[in-house]
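Work through the following exercises with the sequence and the coordinates open. Each task is followed by a solution in steps.

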Amino acid sequence: MKLTNKILEGDVRAAARLMRDIEDNAPAAIKELESIYLHTGTAHVVGVTGAQGVGKSTLVDTLISTFRKENMTIGVIAIDPTSPFTGGALLGDRIRMQKHSLDKGVFIRSLATRGWGGGLSKATTSMIHIMDAMGKGIILVETVGAGQTEVDITKVADTSIVILTPGMGDEIQMMKAGLMEAADIFVINKADKEGADKLRHELEVMLGMKSYLPNEWKPSIVLTEAVHGKGIEELMEAVLSHREFLISSGNLEKRRRQRVKLELTEAVESSLRNHIYQQIDEGDYLERLLDDLVQRKTNPHSAALQIINQFGK
Ligand SMILES: Nc1nc2c(ncn2[C@@H]2O[C@H](COP(=O)(O)OP(=O)(O)OP(=O)(O)O)[C@@H](O)[C@H]2O)c(=O)[nH]1
Ligand SMILES: [Mg+2]
């Protein structure tokens with residue numbers, strides 16, 4: 001557990017080291033994570049999602065400065081789909097974020113998600129835990145592009161920010177991804193462009209169609225101009241209000257329980273998968289079962305149960 005103690009003291013190098021080990025699937029990293037986990041649960045996790053180019057990174061960058069003025073410590077995880085098309089944008093992000101690199105209260109990491117086959121990777125949740133254990137008060141998780149990762153981040157975030165921009169027809173794209181229902185805060189970024197008020201009106205109409213119970217959060221709408229630093233304080237206030245609401249309504253506990261449940265089921269699935277596959281790969285058990293399947297002597301469901309009974313002990 002030599003990394004854990006350093007990480008708890010906020011050691012950035014130890015944290016970076018552990019994160020690398022996790023990405024490399026090093027066995028020692030699992031042990032470290034087990035002890036890290038016991039020191040988590042205080043950070044407020046904020047998902048920042050939206051279609052490509054809506055201004056997520058610019059917004060995150062300005063949010064960092066705004067939170068820092070309030071003396072809050074920040075972790076940032078930028079999830080990179082490793083698409084060749086975003087290379088330029090990421091380079092831009094790095095240059096932009098460099099100004100925070102000397103600030104001990106800020107820790108920024110980007111994560112590649114290629115090869116994880118969609119969904120929130122184990123690396124992402126591990127990284128959230130590490131930053132949490134480091135004592136970061138707010139953890140911002142930026143997801144690029146539209147897809148499963150964006151929807152999944154809303155399952156682990158305490159607060160979900162969904163960013164839209166005027167005149168892009170984003171609203172409709174978002175609806176499809178199931179993001180609209182997950183948003184706690186809608187940001188209309190690039191409010192300097194035409195159509196911001198129209199979009200705000202459309203969102204208000206949409207939210208007005210639903211009735212909210214007293215202990216239910218009605219999503220807030222914030223207009224921002226990230227490039228000009230406008231509306232960022234309001235956005236920070238919206239995040240803090242939502243956090244207050246979650247705590248006072250008891251919803252934070254419910255959300256966290258959901259998150260833990262998701263993590264647990266994922267852990268069960270992956271442990272079972274690793275455990276079983278390792279064993280069936282060793283003998284000719286699998287080959288015989290495949291023969292039976294090809295010859296229609298059995299069916300995949302029964303064969304799966306047979307495998308679990310044989311090796312799942
Ligand atoms: N006009 C205007 N442009 C903005 C605003 N905010 C960001 N931009 C510009 O929009 C472009 C994309 O900004 P990014 O912050 O890289 O957007 P992103 O959502 O992180 O992009 P990806 O990570 O590639 O999905 C940049 O050229 C920004 O300068 C704004 O408020 N108004
Ligand atoms: Mg970005």
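**Exercise 1.** In which strand does Ser160 lie? Determine also whether Ser160 is buried or exposed.

Solution. Ser160 lies in strand E5, residues 159-164; helices (H or I, at least four residues) and strands (E, at least two) are DSSP runs, numbered from the N terminus. The model is predicted: local features need pLDDT of at least 70, side-chain atom pairs count only at pLDDT 80 or more, and totals for chains, interfaces and linings use all residues. Residues are numbered from 1 along each chain as its sequence is written, chains are lettered from A and ligands numbered from 1 in the order in which they are written, and side-chain values use heavy atoms, with hydrogens and water left out.

Next, take the relative accessible area of Ser160, which is 2%. Ser160 is therefore buried (under 20% relative accessible area; exposed is over 50%, partly exposed in between; 1.4 Å probe, protein chains only). Leaving out residues up to four places away in sequence, the contacts of Ser160 include Gly47, Thr154 and Asp184 (heavy atoms within 4.5 Å).

**Exercise 2.** Classify Lys198 by its relative accessibility.

Solution. Lys198 is placed in helix H9, residues 196-208. Its relative accessibility is 57%, so Lys198 counts as exposed.

**Exercise 3.** Which residues of helix H3 are buried, and why do they line one face of the helix?

Solution. In H3 (residues 27-37), the buried residues are Ala29, Glu32, Leu33, Ser35 and Ile36. Viewed down the axis of H3, they fall within an arc of 165 degrees, so they line one face; the arc is that of the directions from the helix axis to the C-beta atoms. An α-helix has 3.6 residues a turn, so residues three or four places apart point the same way. The buried residues of H3 pack against helix H1 (2-8), helix H2 (12-23) and helix H6 (122-133).

**Exercise 4.** Describe the surroundings of ligand 1.

Solution. Ligand 1 is surrounded by 18 residues, the closest being Gly55, Lys56, Ser57, Thr58 and Asp192 (a heavy atom within 4 Å). Helix H4 (56-69) and helix H5 (87-97) each supply at least two residues of this shell, and H4 gives the most, with three. For polar contacts (pairs of N or O atoms within 3.5 Å), a backbone N or O atom of Gly53 lies 3.1 Å from an oxygen atom of ligand 1. A side-chain N or O atom of Asn189 is 3.1 Å from a nitrogen atom of ligand 1.

Conventions:
A polar contact is a pair of N or O atoms within 3.5 Å; within protein, one must be able to donate a hydrogen and the other to accept it, and residues adjacent in sequence count only if both atoms are side-chain atoms.
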